[in-house]
Amino acid sequence: MKKAVNDMANRDSYFDNARFILIFLVVFGHLIQSYIDANTFVATLYKFIYSFHMPAFILISGYFAKGIYQKGYIKKITKKLIIPYLIFQAIYSIFYYFQFGKSSLELDLLNPHWSLWFLLSLFCWHLMLLAFNKMKPAYSIGIALTIGLAVGYIDWISSFLSLSRTFVFFPFFLVGYYLKKEHFQKLTSTQARLMTAIPIMAVIILLVIFPDMNEKWLLGSKPYSQLQNITILGIFTRTGIYALNFIMASCFFAFVPRKRLFFTKWGRNTLYVYLLHGFIVRTFRGSNVENYLEPMQSLLILVIVSFILTLILSSKLVTAIVQPFIELKWSRWKQLLQNLKESKNNAYKNTTTD
């Protein structure tokens with residue numbers, strides 16, 4: 001118990017706040033995705049969220065990868081990322097088998113189901129970091145950006161082993177690795193926050209003026225041939241997307257609260273939310289409930305549902321139950337039982353005292 005209290009005190013609330021806000025946006029973005037073809041405002045909101053939320057998430061992951069050369073680090077991330085990937089790839093296969101009424105159960109470990117691409121890519125980014133970190137930051141980031149731009153011309157790169165997203169999003173992970181705490185502190189200054197108003201407004205205006213922008217550019221999962229007619233110009237479009245992502249991610253970090261808030265403690269459980277929310281969102285997408293919700297009128301409802309869902313999946317009860325499948329540990333379960341035992345003992349003492 002004492003160790004847990006000390007760990008909480010040593011954590012930086014800023015990054016836990018950022019994680020919680022971003023995972024909430026992941027859940028919300030997945031919920032409203034069903035309505036982007038039916039409503040222009042929802043489509044614009046969706047593109048705005050996707051202009052920064054995954055790049056920012058990946059950047060934070062890179063920032064906390066500074067222990068890459070520690071002894072046993074690769075073994076640690078293999079256990080943390082690949083084992084949950086294999087487990088949830090199997091679970092999702094079973095889930096889809098029943099949900100879509102497939103004739104046979106298919107287990108494809110090389111093509112990650114839906115959001116599981118992030119685990120596979122995150123593992124690859126850590127391995128790639130071992131090579132890229134040997135170069136000067138300017139060179140390594142430049143090469144990573146060049147590769148991210150070039151892979152768009154390889155038509156077979158898509159969801160297979162999450163290769164497209166791995167190469168396209170790697171620059172954000174690499175930049176995050178090179179960033180220091182002082183960089184984030186500068187972003188949260190009053191002057192920096194005022195300056196971010198200009199790019200934020202500019203992006204909103206551009207999204208409104210150009211509503212036909214293909215949102216798949218923001219996903220990083222498709223080759224240029226599937227995104228625009230003149231393939232040769234794809235490199236220029238992705239360059240613009242990179243600029244958009246980096247600018248908007250910076251704007252996001254400028255407004256993340258630094259102090260501890262009511263949701264800060266849940267920021268440490270984003271992996272649980274990320275892995276579990278897909279079952280609920282996929283069920284929602286295949287149900288009649290989705291058809292009854294009118295996008296604009298139900299937007300507030302979807303915001304509330306996303307927030308509550310994020311809280312529930314971050315809760316002690318859920319994380320304790322699922323921890324053996326994600327972390328291969330029972331510590332949260334034991335802690336939960338210990339807390340229940342203490343609560344029961346305290347209640348008993350209060351009753352006998354009365």
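## The second largest pocket

Let's start with a pocket and the helices around it. Helix H2 (13-32), helix H3 (40-50), helix H4 (53-63), helix H8 (163-178) and helix H12 (270-285) each give at least two residues to the lining of the second largest pocket. Helices here are DSSP runs of H or I with at least four residues, numbered from the N terminus. A pocket is an open set of points on a 1 Å grid over the protein atoms alone, with protein on both sides within 12 Å along at least five of seven lines, and lining residues have an atom within 4 Å of a point.

This is a predicted model, where local features need pLDDT of at least 70 and side-chain atom pairs need 80 or more, while totals for chains, interfaces and linings use all residues. Residues are numbered from 1 along each chain as its sequence is written, and side-chain values use heavy atoms, leaving out hydrogens and water.

How much space lies in the second largest pocket? About 470 Å³, where a volume is the space filled by probe spheres set on grid points joined across faces, edges and corners. There are 22 lining residues, and Trp-114, Trp-117, Arg-165, Leu-219 and Ser-221 are the closest to the centre. By class, the lining has eleven nonpolar, eight polar and three charged residues. (Ala, Val, Leu, Ile, Met, Phe, Trp, Tyr, Cys and Pro count as nonpolar, Asp, Glu, Lys and Arg as charged, and the others, Gly among them, as polar.)

The largest cavity has a volume of about 40 Å³. Its lining includes Val-168, Phe-169, Phe-172 and Tyr-242. H8 and H11 are the elements giving two or more residues to this lining, and H11 gives the most, with four.

## An aromatic pair

Phe-172 turns up again in a ring pair with Phe-246: their centres are 4.5 Å apart and their planes at 35 degrees, so the pair is tilted. Rings of Phe, Tyr and Trp (its six-membered ring) pair if their centres lie within 6.5 Å; planes under 30 degrees apart are stacked, over 60 edge-to-face and the rest tilted. Phe-172 sits in helix H8 and Phe-246 in helix H11 (residues 234-254), 74 residues apart.

## Far in sequence

Now look at Phe-48, which is in helix H3. Phe-48 and Met-248 are 200 residues apart in sequence, with their C-alpha atoms 8.9 Å apart in space. Leaving aside neighbours within four places in sequence, Phe-48 is in contact (heavy atoms within 4.5 Å) with Ile-200, Val-203, Ile-204, Leu-207 and Met-248.

Notes:
1 Å grid on protein atoms, 1.4 Å probe; cavity = no way out; pocket = protein on both sides within 12 Å on 5 of 7 lines; lining within 4 Å.
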